[in-house]
Amino acid sequence: MAELNTGGDGGGKGGKVRSKKMNPAVDLTAMVDLAFLLITFFMLTTTLSKPQSMPLAMPDKDPKKDTPEDVLKIDESRLMTILIGKDNTLLWYVGKFGEYIVEPEQAEFGKDGIRQILLKQIARANAITAREGKPDEGLIVNIKASDKANYKNLVDILDEMAITHPQLYAIGDITDPEVELLQEKGLY
Amino acid sequence: MAKVKVSKKSTRIDMTAMCDVAFLLLSFFIMSATAKQPEPHPVDTPNSTVIEKLPPEVAVITVGDGQAYFNIPGKEVRIETLKRISSEYNVAFTEEEYEAFGNLQGFGVPLNQLKGLLAMEASERNSDNIQKGIPFDTVNNQLGSWVKQAREANRAILDEKIASGEEVEEYKDLDIAIKGDAEEDYPTVKRVIDILQEQKKNRFFLVTGLRNEDF
């Protein structure tokens, strides 16, 4: 305990000079104050976690060719398109626009929404490719964000890609008919 | 009559353990934390599950409230970039201004206001309403020029180092990261991505926070 010796322990009998016993405990209150002050200072002036990063590779863009459709031929049954609308809404379909294999359907962000759909579609695409004898290939996801989407939606979808691992994914530009489709569903 | 004695207890508490804890916490914070860099425009980044650290030497484009800010890593590269920008836009800078720009951590002003920013005290630069963002529309694409010149400057510095026989850690193109605000509109971010793609910079980083998979 941090207390001082009062020295009233019946000393001085017989005229003997006794060395005073010093209490070794020091009052640490001030030191604790100082330590907490420093902790507060460091907590306020530093960032604890280094920011994480998400590497993103965009497809090469050649300004002379603006129709990638005729360059790249992919099996439409494995092509899934995700449209991002306003207020964190999603619309997805499989196949070509207008010639759907799975009709456009609305979905939610998160593990119970788009993730389950993605996992299902990946499994379906893998079954198709396995049947065709191309086990290396799988689902191809095309992400198209509308002008009403925000940056968080994009990162969320890219994050779903990182979790579910489709064979390929890319960020594409949304087309006018697709915007009209979003408008029809009230998501734009 | 017997007096009831009230035993006098000391009001002092043993501070030793508390002191130990406080200093333990203090050492933990000092060791694990990195100093916060002053930013002209702090943004709230979205979270992702991808666990990958940002490379140490990375140029960061900060996008928030429809404005773009740019941070070039390394003093040498910064000065070399400004030299190239100065010849591209025919704006002359003094030796002091080069020095001030070399120490500037991130900026967001159009080129015609850069001199004014460099003349300011370092503490004043990050106050509100001083830095309004680098123009990055199709007509006046200064951000694109900055990115392009920074990449070229970075390569020139690396070449110089190799020529003088210095050790170079890795010979690579300058990495670019986009640090966007979570609530930023997609078209703004898309425009920044387009600027990078216009100069065939197809691989870049998105700065994110961390979260687990249950979202």
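**Entry 1: the sheet in chain A**

I began with chain A, where I found an open sheet of five strands in the order 5-4-3-6-7, with mixed pairing. I note at once that this is a predicted model. Strand 5 (99–107) and strand 7 (168–172) of chain A stand at the edges with a single partner strand each, so one side of each has no neighbour in the sheet.

I then followed one pair in detail: strand 4 (residues 90–96) and strand 5 of chain A run antiparallel and are joined by six bridges. Within this pair, A:Val94 has A:Val102 in strand 5 of chain A as its bridge partner. Helix 2 (residues 114–132) of chain A packs on the sheet, where it touches strand 3 (79–84), strand 4 and strand 5 of chain A, and its direction makes about 15° with that of strand 4 of chain A.

**Entry 2: chain B as a whole**

Turning to the other chain, I counted seven helices and six strands in chain B, and along the sequence they follow the pattern α-β-β-β-β-α-α-α-α-α-β-α-β. The C-alpha trace of chain B spans about 105 × 45 × 40 Å along its principal axes. I checked the radius of gyration as well, which is 25 Å for chain B, whereas a compact globule of 215 residues would have one near 17 Å.

**Entry 3: two helices within chain B**

Here I looked at helix 2 (residues 75–89) and helix 6 (residues 142–163) of chain B, whose axes come within 8 Å and cross at roughly 125°. The two helices of chain B are therefore oblique to each other, and the crossing of helix 2 and helix 6 of chain B is right-handed. Among the residues that meet there are B:Glu76, B:Arg84 and B:Ile85 in helix 2 of chain B, and B:Trp146, B:Gln149 and B:Ile157 in helix 6 of chain B. By class, this contact has seven nonpolar, four polar and five charged residues.

**Entry 4: where the chains meet**

Next I asked how many residues of chain B are in contact with chain A. I found 51 residues of chain B in contact with 42 residues of chain A. The elements of chain B that give two or more residues to this side include helix 1 (16–32), helix 7 (186–198) and strand 6 (203–210), and the largest share, ten residues, comes from helix 1 of chain B. By class, the side of chain B that touches chain A has 27 nonpolar, twelve polar and twelve charged residues.

Last, I examined helix 1 (residues 29–45) of chain A and helix 1 of chain B, which pack at an angle of about 25° with their axes 9 Å apart. That angle makes helix 1 of chain A roughly parallel to helix 1 of chain B, and their crossing is left-handed. Among the residues that meet are A:Phe36, A:Ile39 and A:Phe42 in helix 1 of chain A, and B:Phe23, B:Leu26 and B:Phe29 in helix 1 of chain B. The residues of this contact divide into 16 nonpolar, no polar and no charged.

Methods: Residues are numbered from 1 along each chain as its sequence is written. Chains are lettered from A and ligands numbered from 1 in the order in which they are written. This is a predicted model: local features need pLDDT of at least 70, side-chain atom pairs count only at pLDDT 80 or more; totals for chains, interfaces and linings use all residues. Axes are lines fitted to C-alpha atoms, for helices over the stretch in contact, and angles run from 0 to 180 degrees between N-to-C directions. Helices (H or I, at least four residues) and strands (E, at least two) are DSSP runs, numbered from the N terminus. Angles under 35 degrees count as roughly parallel, over 145 as roughly antiparallel, 65 to 115 as roughly perpendicular and the rest as oblique. A crossing is left-handed if the near helix is turned anticlockwise from the far one by less than a right angle, and right-handed if clockwise. Two residues are in contact if their C-beta atoms, placed from the backbone, lie within 7 Å. Ala, Val, Leu, Ile, Met, Phe, Trp, Tyr, Cys and Pro count as nonpolar, Asp, Glu, Lys and Arg as charged, and the others, Gly among them, as polar. The radius of gyration is taken over C-alpha atoms; the globule rule is 2.2 Å times the number of residues to the power 0.38. Two strands pair if DSSP finds at least two bridges between them.
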